[in-house]
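The sequence and the model follow.

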Amino acid sequence: MDVNLVIPIAILVLLSSSGSSGAAAPARNDRALQKQFLAPHNAARYALRLAPLVWDAKLARYAQSYANKRRGDCALRHSGGPYGENIFWGSGNAWTPAQAVADWVSERQWYSYWANSCVEGELCGHYTQIVWRSTRRIGCARVTCNAGGGVFITCNYDPPGNYIGERPY
């Protein structure tokens with residue numbers, strides 16, 4: 001194929017996929033969005049000398065499919081799927097992937113490694129899923145919910161973590 005045709009075709013594909021229909025493009029197609037999810041996840045893992053997570057298109061498709069189902073109600077309900085999962089909801093429409101991940105990572109303060117549990121009355125399972133030693137792959141999605149319902153963000157992890165009685169790292 002002529003190199004001079006490749007660039008215009010690529011631009012045409014990008015322009016046609018970035019329409020203003022209000023539907024979020026799948027996260028797996030957006031490298032910048034992937035980096036917004038991966039960087040804070042891997043920073044938390046790096047602090048513990050854990051292997052970085054890699055983006056997985058299959059997990060991203062799963063996350064996007066589930067996020068699309070939550071678009072109508074923005075309910076903080078887990079998918080019940082075969083992967084580890086973190087979910088986030090924020091009011092308004094400006095929440096970024098990095099902000100959601102930062103919220104999950106902030107639970108670190110409530111996790112006691114020595115007791116291998118959360119401080120009573122606090123959550124820390126989002127954090128422990130992020131730093132689960134055997135987890136290798138991640139796929140995430142973000143949608144703006146209908147009728148000003150906020151932003152729903154989900155990340156899926158494989159292999160999953162948070163097994164009762166096991167330490168994350």
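Is the link of Cys74 and Cys145 right-handed or left-handed? In this predicted model, the link of Cys74 and Cys145 is right-handed, with 70° about the S-S bond. The sulfur atoms of Cys74 and Cys145 lie 2.1 Å apart.

**Disulfides**

The structure holds three disulfides. With the bonded cysteines counted along the chain, their pattern is 1-5, 2-3, 4-6. The table lists the S to S distance of each pair.

| Disulfide | S to S distance |
|---|---|
| Cys74 – Cys145 | 2.1 Å |
| Cys118 – Cys124 | 1.9 Å |
| Cys140 – Cys155 | 2.1 Å |

The disulfide of Cys118 and Cys124 is left-handed, because the torsion about its S-S bond is about -90°. Its two cysteines can be described separately: Cys118 is partly exposed, at 31% relative accessible area, whereas Cys124 is buried, at 3% relative accessibility.

A disulfide also joins Cys140 to Cys155. Here the torsion about the S-S bond is about 110°, so the disulfide of Cys140 and Cys155 is right-handed. This pair links distant parts of the chain, with Cys140 in strand β5 and Cys155 in strand β6, 15 residues apart. Cys140 is buried, with a relative accessibility of 0%, and Cys155 is buried as well, with a relative accessible area of 0%.

**Aromatic contacts**

A pair of aromatic rings is described by the distance of the centres and the angle of the planes. The count of aromatic pairs in the structure comes to nine. One of them is formed by Trp132 and Tyr163: the ring centres are 6.1 Å apart and the planes stand at 70°, so the pair is edge-to-face. Trp132 and Tyr163 link distant parts of the chain, 31 residues apart, since Trp132 lies in the loop between α5 (125-130) and β5 and Tyr163 in the segment after β6. Trp132 is buried, at 4% relative accessibility, while Tyr163 is partly exposed, at 41%.

Which residues form one aromatic cluster? The cluster consists of Tyr111, Tyr113, Trp114, Tyr127 and Tyr169. Tyr113 also takes part in a contact with a charged residue: Arg167 lies over the face of the Tyr113 ring, at 4.6 Å from the ring centre.

Notes
Residues numbered from 1 in each chain as written. Predicted model: local features only at pLDDT ≥ 70, side-chain atom pairs only at ≥ 80, totals over all residues. Heavy atoms only, no water. Disulfide = S-S within 2.5 Å. Buried < 20%, exposed > 50% of the residue type's maximum accessible area, 1.4 Å probe, protein only. Helix = DSSP H or I, 4+ residues; strand = E, 2+ residues; numbered from the N terminus. Phe/Tyr/Trp six-rings, centres within 6.5 Å; stacked < 30°, edge-to-face > 60°. Lys NZ or Arg CZ within 6 Å of the ring centre and 35° of its normal.
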